[in-house]
Amino acid sequence: MVKLRLIPTGKSKSVQPSYRIVAIDARTKLNSRYIDKLGTYNPTSKEKQVTIDEVKALKFLSNGAQPTETVRSLLSTEGIMTKFHNLRQERKSSKPKK
């Protein structure tokens, strides 16, 4: 199963943490090789900088990737989860009924 999760990239155990938002196999270790980089998250800046590639995120979500709670909240604040749910509703309603 593919997970969307954070990988720490900033200085460890310091006041300058930063993270990558990545798609990674759920069974791998924290800092192992990931499938694709989706964006970055910097919680120490004044406005908590979040940059996410929306197209990649929607692609992974539609293929069944499960975001962690933190990544889900970041996707929600960026409006990506809303677009994903709307996309799913469109697909359900466009399917022909038997």
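The following legends describe close-up views of a predicted model. Residues are numbered from 1 along each chain as its sequence is written; because the model is predicted, local features need pLDDT of at least 70 and side-chain atom pairs count only at pLDDT 80 or more, while totals for chains, interfaces and linings use all residues. Side-chain values use heavy atoms, with hydrogens and water left out.

**View 1. Overall organisation of the chain.**
The chain contains 3 helices and 5 strands, where helices (H or I, at least four residues) and strands (E, at least two) are DSSP runs numbered from the N terminus. Their order along the sequence is β-β-β-β-α-β-α-α. The C-alpha trace spans about 60 × 30 × 20 Å along its principal axes. Of the 98 residues in the chain, 29% are buried; buried means under 20% relative accessible area, exposed means over 50%, and partly exposed lies in between (1.4 Å probe, protein chains only). Among contacts between residues at least 6 apart in sequence, 36% join residues at least 24 apart, a contact being heavy atoms within 4.5 Å.

**View 2. Packing of helix H1 against helix H3.**
Helix H1 (residues 54–62) packs on helix H3 (residues 80–94) at an angle of about 50°, and the two axes are 10 Å apart. Axes are lines fitted to C-alpha atoms, for helices over the stretch in contact, and angles run from 0 to 180 degrees between N-to-C directions. H1 and H3 are therefore oblique to each other; angles under 35 degrees count as roughly parallel, over 145 as roughly antiparallel, 65 to 115 as roughly perpendicular and the rest as oblique. The crossing of H1 past H3 is right-handed, that is, the near helix is turned clockwise from the far one by less than a right angle. On the H1 side the contact is made by Glu-54, Ala-57, Leu-58, Leu-61 and Ser-62, and on the H3 side by Ile-80, Met-81, Lys-83, Phe-84 and Arg-91. These residues comprise 6 nonpolar, 1 polar and 3 charged, with Ala, Val, Leu, Ile, Met, Phe, Trp, Tyr, Cys and Pro counted as nonpolar, Asp, Glu, Lys and Arg as charged, and the others, Gly among them, as polar.

**View 3. The salt bridge between Glu-54 and Lys-83.**
Glu-54 and Lys-83 form a salt bridge in which the closest N and O atoms are 2.8 Å apart; the term denotes a side-chain nitrogen of Lys or Arg within 4 Å of a carboxyl oxygen of Asp or Glu. Because Glu-54 lies in helix H1 and Lys-83 in helix H3, the pair ties together parts that are 29 residues apart in sequence. Glu-54 is partly exposed at a relative accessible area of 28%, and Lys-83 is likewise partly exposed, at 41%.

**View 4. The remaining salt bridges.**
The structure holds 3 salt bridges. One of them joins the side chains of Asp-36 and Lys-56, with an N to O distance of 3.4 Å. This pair links distant parts of the chain, since Asp-36 is in strand S3 (residues 36–42) and Lys-56 is in helix H1, 20 residues apart. Lys-56 is partly exposed, with 28% relative accessibility. Another salt bridge connects Asp-25 and Arg-27, whose closest N and O atoms are 3.1 Å apart. In this pair, Asp-25 is partly exposed at 21% relative accessible area, whereas Arg-27 is exposed at 72%.

Leu-75 belongs to helix H2 and is buried, with a relative accessible area of 2%. Leaving aside residues up to four places away in sequence, Leu-75 touches Leu-4, Ile-52, Ala-57, Leu-61, Pro-67, Ile-80 and Met-81. From Leu-75 to Gly-39, 36 residues away in sequence, the C-alpha to C-alpha distance is 11 Å.

Val-55, in helix H1, is exposed at 64% relative accessibility. The C-alpha atoms of Val-55 and Leu-74 are 15 Å apart in space, and these residues are 19 apart in sequence. Gly-79 is located in the loop between helix H2 (69–78) and H3 and is partly exposed, with a relative accessible area of 23%. A C-alpha separation of 9.3 Å is found between Gly-79 and Glu-54, which are 25 residues apart along the chain.
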